[in-house]
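My entries follow in the order I made them.

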Amino acid sequence: MVNLREDLAVTFLPEPGSEPVEWVVSDGLTGYDAAVAEMEARAALIADGQARERIWLVEHPPLYTAGTSAKDEDLIAPERFPVHRSGRGGQFTYHGPGQRVAYVMLDLKRRQPDLRRFVAALESWLIGTLDEANIRGERREDRVGVWVRRPEKGAEVEDKIAAIGIRVRRWVSFHGISLNVDPDLTHFDGIVPCGVSRHGVTSLVDLGLPVTMPEVDSMLRESFERVFGPTVSA
């Protein structure tokens, strides 16, 4: 049996003959409630066979979201930014400018109705993206997301660079991933990110990589296609 937590080459390809995934990039800042409404509507159309699968890349204004496992005590500064109760899995996370959020609307029936493998594929997507930037991203058996070691801070120190939080309805996914490009990392101080207090957060710029959002989007798309198959620009 393949250990999905160790295999860095997990794929999640569609059945032969499937249409390419629609790739959409929004300019500016997208409101969170509007994004959720759009995702839910699109997911319903995909489930009914009336729309292509879609990856939607956005940036949000500063806000916190609470997943279905969020603990109230992990919201340290409730007045700092708007707090949105989300139906995705996971705990508290932060979204804001300088962070690329990718909403993932895929039909798992056309791929594999296997949530564990789907999450592993999302991790593979992110790890492949980081590899394009010569950054080693790693999985952890006891926590979802992608992590980087920080030996300059200490032998056992590691920071989170990307988060994953999904929801599946009628075997179509929505919500998705977030990758820290150049957000204000102090904004994470208002929560215990993803319920993990013993590790920090980082970004591509914090790691010394002066990269632009369009450059990151290009790396994300190239890595996505290796894991999930072809895309087409909307």
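This is a predicted model: local features need pLDDT of at least 70, side-chain atom pairs count only at pLDDT 80 or more; totals for chains, interfaces and linings use all residues.

Residues are numbered from 1 along each chain as its sequence is written, and side-chain values use heavy atoms, with hydrogens and water left out.

**H1**

I took helices as DSSP runs (H or I, at least four residues), numbered from the N terminus. H1 covers residues 32–47; its 16 residues reach 22 Å from first C-alpha to last, close to the 22 Å expected at 1.5 Å a residue. The expected span is 1.5 Å times one less than the number of residues.

I then checked burial (buried is under 20% relative accessible area, exposed over 50%, partly exposed in between; 1.4 Å probe, protein chains only). The buried residues of H1 are Tyr32, Ala35, Val36, Met39, Arg42, Ala43, Ile46 and Ala47. Down the axis of H1 they fall within an arc of 135°, so they line one face of the helix. The arc is taken over directions from the helix axis to the C-beta atoms. Asp33 and Ala34, on the other side of H1, are exposed.

**H2**

Is H2 enclosed or open? I find 14 of its 18 residues buried, so H2 is largely enclosed by the rest of the structure. Asp114 caps the N-terminal end, with a side-chain oxygen 3.2 Å from the backbone nitrogen of Arg116. After H2 comes Asn134, with positive phi near 60°.

Arg117 lies in H2 (residues 115–132) and counts as buried because its relative accessibility is 19%. A polar atom of the Arg117 side chain lies 3.4 Å from the backbone oxygen of Thr11.

**Aromatic rings**

I searched the whole structure and got 12 aromatic pairs. For Phe224 and Phe228, the ring centres are 4.8 Å apart and the planes at 20°, so this pair is stacked. Rings of Phe, Tyr and Trp (its six-membered ring) pair with centres within 6.5 Å; planes under 30 degrees apart are stacked, over 60 edge-to-face, the rest tilted.

Both residues lie in H3 (residues 213–228), 4 residues apart, about one turn. Phe224 is buried at 0% relative accessible area, and Phe228 is buried at 1%. Phe224 and Phe228 belong to one aromatic cluster with Phe12, Trp23, Phe118 and Trp125.

How values were computed
Helices (H or I, at least four residues) and strands (E, at least two) are DSSP runs, numbered from the N terminus. A polar contact is a pair of N or O atoms within 3.5 Å; within protein, one must be able to donate a hydrogen and the other to accept it, and residues adjacent in sequence count only if both atoms are side-chain atoms.
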